[in-house]
Amino acid sequence: MHAHIRPQPGIMDIALYQGGTSKIAGRDDVVKLSSNENPFGPGDLARLAYARAGHDLHRYPPTDHAGLRAALGAHFGIDASRIICGAGSDEIISFLCQAYAGPGDEVLYSQHGFLMYRISALAAGATPVVAPERDRTADVDALLAAANKRTKLVFIANPNNPTGTMIPLEEITRLAEGLPKQALLVLDGAYAEYAENYDGGAALVDQRDNVVMTRTFSKLFGLGGLRVGWGYGPQHVIDVLNRLRGPFNLSNMQLDIAEAALGDTAHIARSLSENARLRDWLAEKLNAIGVVTDRSFANFVLARFRDAAQAEACNAALLSEGLIVRQVGSYGLPEGLRITIGDESACRRVAHVIGAFMESQQ
Ligand SMILES: *Cc1c(COP(=O)(O)O)cnc(C)c1O
């Protein structure tokens, strides 16, 4: 650090976020299963919108995102005036921390929660606080016990990354009802579409003034590279976040492609059904060879090994076969490997390599 020119307290405590790797030197049959991306990529409608984009690069984009918000409102049956769009849901998470938490305030999340909560809390000068989980699942009693008069934000991803587990809406509601008055509950719904009969908490947002939902185009919609996410909340929160948001935080291209993706019913249906089918197939294969997984409600499974050394060795075996999965030691799960559900051939390769690896361990 420089002797005189110093950043705000907390900034140097941030460990740089490591994205999933995508290349192995000398191999051209690599499959990246480390960032929970849709193996089919974006759908045809998004690709067409991308091809159309670029004709008006000299034009500033709209500042109010009215077109995309209206499309989101219609698609999800929610109030478009209480939606805010950002450069990935990461940007919404960052706005929330900047707006509501600062030095002396606490940002609470659960033990194996998404790394961006800690990063954004520290960036805002706030103190990250972790509540223990039970069997790799968020524990509402533990979260309520950890909340106090300094708690400003409580983040919970449902389903959670990297565990894939989720808690029922009744539990989320109990959490929202039990939190101290000054605390805002953020429901991160990055994987909400993958969970059947779950609205990501949208109805709860409508019923209460202390709940916000974040969503993304990065996972189901296959647009992680485009960087579009959004939040849905009570009017008082959206009014605050819009003051922090840069007027041109999303480009014309981002807005148009995201809107097109939302209307691609066929691509959405295919992505969901293939994910469900292959996720259950892979989990069953893994469990049959002694690699345990919790039931996943998302587009990945967390495979658990005997210990960190065995997970490390299996990761090396996968890499040597061109398969990149995610080690999750930074999430407090060194015995786990998070495996994104790829297409059928990728899932078969994963099952085959882990099967051979487990046999070599006998
Ligand atoms: C992938 C992911 C996000 C989405 O991030 P974007 O910035 O929208 O790409 C948010 N939360 C969790 C838990 C995730 O896994």
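Pro-159 sits in the loop that runs between strand 5 (151-157) and helix 6 (169-178); helices here are DSSP runs of H or I with at least four residues, strands are E runs of at least two, and both are numbered from the N terminus. The model is a predicted one, where local features need pLDDT of at least 70 and side-chain atom pairs count only at pLDDT 80 or more, while totals for chains, interfaces and linings use all residues. Residues are numbered from 1 along each chain as its sequence is written, and side-chain values use heavy atoms, with hydrogens and water left out.

Back to that loop. The peptide bond leading from Asn-158 into Pro-159 is cis, with omega near -5 degrees. Pro-162 is also placed in the loop between strand 5 and helix 6, and the bond from Asn-161 to Pro-162 is cis too, with omega near 15 degrees. Another backbone feature turns up at Asn-197, a residue other than glycine with a positive phi, near 55 degrees. Asn-197 belongs to the loop between strand 6 (184-188) and helix 7 (202-207).

Domain 1 brings 30 residues to the contact and domain 2 brings 32, contact being heavy atoms within 4.5 Å.

How much area is buried between domain 1 and domain 2? The figure is about 2600 Å², with 64% of it given by carbon and sulfur atoms; buried area is the accessible area (1.4 Å probe) that two parts lose on being put together, summed over both. On the domain 1 side, Ile-268, Phe-297 and Tyr-331 supply 25% of the area buried against domain 2, more than any other three residues.

As for charges, the rule finds one salt bridge across the interface of domain 1 and domain 2, the cut-off being a side-chain nitrogen of Lys or Arg within 4 Å of a carboxyl oxygen of Asp or Glu. Asp-294 forms a salt bridge with Arg-136, and the closest N and O atoms are 2.6 Å apart. Helix 10 (265-288) and strand 10 (300-304) each supply at least two residues of the side of domain 1 that touches domain 2. Helix 10 gives the largest share of that side, five residues.

Finally, a record: the UniProt annotation "domain: Aminotransferase class I/classII large", from an unreviewed entry, covers residues 29-354; its positions follow the numbering used here, feature names are shortened, and annotations may be inferred rather than shown by experiment. Over residues 29-354 the chain is 41% helix and 17% strand.
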